[in-house]
Amino acid sequence: MEEKVRTRFAPSPTGFMHIGNLRTCLYAYLFAKQHGGDFVLRIEDTDRERYVEGAIDVIYRTLKTAGIEHDEGPDKDKGYGPYVQSERKAIYMEYAKKLVELGGAYYCFCSKERLASLGGDNEAGVHKYDKHCLSLSKEEVEAKLAAGEPFVIRQNVPTEGVSEYDDLVFGHISVPNADMEDNILIKSDGMPTYNFANVVDDHLMKINYVIRGVEYLSSTPKYNLMYDAFGWERPHYMHLSPIMKDAQRKLSKRYGDANFEDFLAKGYLPEAIVNYIALLGWSPKNNDEKMTMQDLIDQFSVDGISKSPSIFDETKMRWLNGRYIKELTPAQFVEKARPFLDASAINGKYDYEKIAKLLIPRVETFGEIAEKVEPLASFGEYDPAMFEHKKMKITLPIALTSLTACREVLPSIEDWTDETLKARLNDLAAELGVKTGQVFLPLRLAITGAATTPGGATEMAELFGKEESLKRLDFSIDLLKKALAE
RNA sequence: GGCUCCAUGGUCAAGCGGUCAAGACAUCGCCCUUUCACGGCGGUAACCCGGGUUCGAUUCCCGGUGGAGUCACCA
């Protein structure tokens, strides 16, 4: 019988949640859900020096808005807790001692100084621990322990042979044992290192599919050695290539350029971000790129995961975000973009839903709202030369004729909407015997005073309302007359 | 530097011995058009190099080159 799939996301609370981390989390979630399994959240805070206050809240918040729901975690204990490593200290020590008894680890009392003297013995200046304390007899160890000497516990890695395993995405991996160091499992402060904690926790929490970054690809044999020493069943592994900022640099929080919440602040929709990062390093069988979380769960597959690093392309994410925005109704747009609308120059002015209708096909992120809406915020003196339009064959006199005709016709219109206005203006163009553009273009310019606007003449007119539109029209006709008189 | 891994257009990527080497983003051109957009149509653009294996290599093997990861009392 197949074992229930259990995956986990195990971030360390060191600050913000960056995109690479989120993608790892997403894949672990997708894999678990696809197989009807459990997705566990575990907090790896064994390094108290890197701990950042509030970081755990960021993790919860990110998961929630990204639409990733964990089945278990510090806030949902299903019997495998605690799910925060700092609260499991005693557990690690217990298992470390067990591993020592089993011969898979040993106590080490070497001083920092002695360790430092081991360094620099090759070109890269890399040193390897010499297993000095492995030769200590049981009595010597007991004596040192009794004397209260500070100690660490190291893994005892064989010096010969090769360790191998099969990775779900990278295939067969084999590493010479001689290249692996006797890493520290328990630090002198009694806390475990990642090397040890992840093995113990994954086993105790019954994690059978370990999904994480490639940085662990070559150290995984060491973890397997521990599973073997304990007599535990090894989990399946799925390592993921990094997301890069460019060909050389990895995307990281160090550059402060890839935090999930930063993208939210720039006006990206969480669904779009999740959709985009799912596609970075994985591709579906078909060519549909816009996918919901459910689509992702259904279609996720290990063989679609790529082995090489992928460069993060914000331009493409913008495009995808634009597609999501285009599917929003004006009401939904307003709901989601309200903070951006309020922060723009039109704050509170005009009907937001009407603005939304104009903005939906014109912005790819909410962050672009401010600039799009800027020309609508004010009206005043402008250069009448703007009315000249070669391609449309519009000169200042022609513009004046059109505007004057508009001024006569418009006041009688009761239903001041885009559709009605458009119909009437089309008729007007026919009556005047001119191209429609020769009426619409001058009118748009006349009531907006701006060369480019997010919408046409009649849309702008509807937005401003009848009274304001006519007022502006009068202003522009005067401006044009003055210009022609000179 | 040792070890592990990777290598298709500018970017994300299909491909898994025989294809005119998909698709998407970006870019360019045209159409639509009342500006800006949306939309539609079309174009430019790729198998890192050198050896093998094979009737035939982007695909398999080896070497080179390039890139990533790792070599911590960080994860």
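1. Isoleucine 153 has isoleucine 186 of S7 as its bridge partner. Strand S4 (residues 152–155) and S7 run antiparallel and are joined by two bridges. Two strands pair if DSSP finds at least two bridges between them. Strands (E, at least two residues) and helices (H or I, at least four) are DSSP runs, numbered from the N terminus.

2. Basis of the note. This is a predicted model, where local features need pLDDT of at least 70, side-chain atom pairs count only at pLDDT 80 or more, and totals for chains, interfaces and linings use all residues. Residues are numbered from 1 along each chain as its sequence is written, chains are lettered from A and ligands numbered from 1 in the order in which they are written, and side-chain values use heavy atoms, with hydrogens and water left out.

3. The sheet is open, has three strands in the order S3-S4-S7, and pairs antiparallel. Its edges are strand S3 (105–108) and strand S7 (184–186); each has a single partner strand, so one side of each lacks a neighbour in the sheet. On average, neighbouring strands are turned by 40 degrees against each other, direction ignored. Axes here are lines fitted to C-alpha atoms, for helices over the stretch in contact, and angles run from 0 to 180 degrees between N-to-C directions.

4. The structure holds 23 aromatic pairs (rings of Phe, Tyr and Trp, the last by its six-membered ring, with centres within 6.5 Å; planes under 30 degrees apart are stacked, over 60 edge-to-face, the rest tilted). Tyrosine 194 and tyrosine 216 are stacked, at 4.6 Å centre to centre and 25 degrees between the planes. Tyrosine 194 lies in helix H6 (residues 194–204), and tyrosine 216 in the loop between strand S8 (209–213) and helix H7 (220–230), so the pair ties together parts 22 residues apart in sequence.

5. Tyrosine 194 is buried, at 19% relative accessible area. Tyrosine 216 is partly exposed, at 21%. The cut-offs are under 20% for buried, over 50% for exposed and in between for partly exposed (1.4 Å probe, protein chains only).

6. Phenylalanine 379 and phenylalanine 475 have ring centres 5.4 Å apart and planes at 70 degrees, so this pair is edge-to-face. The two residues are 96 residues apart: phenylalanine 379 in the loop between helix H14 (369–373) and helix H15 (396–409), phenylalanine 475 in helix H19 (residues 466–485). Phenylalanine 379 is partly exposed, at 25%. Phenylalanine 475 is also partly exposed, at 29%.

7. Tyr95, Tyr227, Phe230 and Trp232 form a cluster linked by ring pairs.
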